[in-house]
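Open the model in your viewer and keep the selection panel at hand.

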Amino acid sequence: MPLVTTKEMFEKSMKEHYAIGAFNVNNMEIIQGIIDAAKEENSPVILQASSSAIKYARINYLMKMVEAACEEAPNIPVALHLDHGPDFETCKMCIDAGFTSVMIDGSKYDFEENVQVTKKVVDYAHEHGVVVEAELGKLAGIEDDVNVSSDDAMYTDPLQAKEFVERTGCDSLAIAIGTSHGAYKFKGEAKLRFDILAKIKELIPNTPIVLHGASTVIPELVEMCNKYGADIPGAKGVPDEMLHEASLNGVSKINVDTDLRLALTAQIRKVFVEEPATFDPRKYLTPARQEVKNTVQHKIRDVFGSNNKA
């Protein structure tokens, strides 16, 4: 099956109350792990790359690997999405390269400028049959080129969200209800503002809602990393139960990046410590790929509920 847009995926998810996982990709093993999981669970899936992942992997390599993934999974709907597009030029590059979905992140601007930047991307994308995700509100935390202090973070205003979608024509909206980027999401107890989510869904019922910064920061993977020499103290994410609740209450797309990094790293570290004579990359990347697959399967089946929805 060729790459699809997220349009039909999201329409189905909103009707049937589940979320679709959007998994960040950086290399071949991560792509393979995600696709193997999606095939096994018969789930639609979104592969997404940030601008720094594109710089790292190079866009032509990414496109060919994703093309191979689609050939390997002919019955699975796969969308390719730009995560946190920083500007119009990056979005245009990805649209021209064959991405089926792009995100323009104008949340760093004030409301009016965010509207203008987003509208420019929407106009170009829609001319080319590509859908657009935008963001309103600021998430705290650090991921790739995104870095927002907790003091600067702010929740999405539901009335602004309605005006923003009407004025920009964006196809989906990433909102801030308490998630944050990176491995250190919460100092105290995790808390998501489901009241804000409910109000936004009431005002824009037909707009798919996206949660960024939504990795669980799986404790077992953090523990494994630390056991084999990592230094990741006090890492804490959004509990699976909260993400499951979000998927039942109108969130259509949930982003996962940190958990995949932890999965890959945990297994590589384990091999390096337990088998110090190993220097064949296949010997440590094979279990790493399997851990990515296991992590994605868990998300699809136990958290997002998108299994058997392909």
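A disulfide is here a pair of cysteine sulfur atoms within 2.5 Å. By that rule the number of disulfides is zero. Select Cys70: it is in no disulfide, and the nearest cysteine sulfur, that of Cys94, is 16 Å away. Then select Cys170, which is in no disulfide either; its nearest cysteine sulfur belongs to Cys91, at 12 Å. Cys70 is buried, with a relative accessible area of 6%, and Cys170 is buried with a relative accessible area of 6%. Buried means under 20% relative accessible area, exposed over 50%, and partly exposed in between, with a 1.4 Å probe and protein chains only.

The model is predicted: local features need pLDDT of at least 70, side-chain atom pairs count only at pLDDT 80 or more, and totals for chains, interfaces and linings use all residues. Residues are numbered from 1 along each chain as its sequence is written, and side-chain values use heavy atoms, with hydrogens and water left out.

**Whole chain**

Zoom out and show the cartoon. The chain has twelve helices and eleven strands; helices (H or I, at least four residues) and strands (E, at least two) are DSSP runs, numbered from the N terminus. The C-alpha atoms fill a box of roughly 60 × 45 × 35 Å along the principal axes. A compact globule of 310 residues would have a radius of gyration near 19 Å, and the 18 Å of the chain agrees with this. That radius is taken over C-alpha atoms, and the globule rule is 2.2 Å times the number of residues to the power 0.38. Of the 310 residues, 57% count as buried. Contact means heavy atoms within 4.5 Å. Among contacts between residues at least 6 apart in sequence, 77% join residues at least 24 apart.

Thr6 counts as buried at 6% relative accessibility. Leaving out residues up to four places away in sequence, Thr6 touches Ile46, Ala79, Ser101 and Val131.

Next select residues 7-16, which form helix α1; Met9, Phe10 and Ser13 in this helix are buried. Seen down the axis of α1, the buried residues fall within an arc of 90°, so they line one face of the helix. The arc is that of the directions from the helix axis to the C-beta atoms. An α-helix has 3.6 residues a turn, so residues three or four places apart point the same way. Turn to the other side of α1 to find Glu8 and Lys15, both exposed.

What do the buried residues of α1 pack against? Show β1 (20-24), β2 (45-50), β3 (78-85), β8 (172-175) and β11 (251-256): these strands are the partners. After α1 comes His17, with a positive phi near 60°.

**Helices α10 and α12**

Now select residues 240-248 (α10) and 281-304 (α12); these helices pack at an angle of about 65°, with their axes 9 Å apart. Axes are lines fitted to C-alpha atoms, for helices over the stretch in contact, and angles run from 0 to 180 degrees between N-to-C directions. On the α10 side, Asp240, Leu243, His244 and Ser247 meet His298, Lys299, Asp302, Val303 and Phe304 of α12. By class this contact has three nonpolar, three polar and three charged residues. Ala, Val, Leu, Ile, Met, Phe, Trp, Tyr, Cys and Pro count as nonpolar, Asp, Glu, Lys and Arg as charged, and the others, Gly among them, as polar.

Is Asp240 buried or exposed? At 17% relative accessibility, Asp240 counts as buried. Beyond four places in sequence, Asp240 touches Thr216, His298, Lys299 and Val303.

Move to Phe304 in α12, which counts as buried at 1% relative accessibility. Beyond four places in sequence, the residues that Phe304 touches include Tyr18, Ile20, Phe23, Ser247, Ile254 and Lys299. Draw a distance from Phe304 to Tyr18: their C-alpha atoms are separated by 5.8 Å, although the residues are 286 apart along the chain.

Val217 lies in the loop between β10 (209-211) and α9 (219-227). Its phi is near 50°, a positive value in a residue other than glycine, and Val217 is buried, with a relative accessible area of 2%.

End with Asn308, in the segment after α12. Asn308 has a positive phi near 60° and counts as exposed at 57% relative accessibility.
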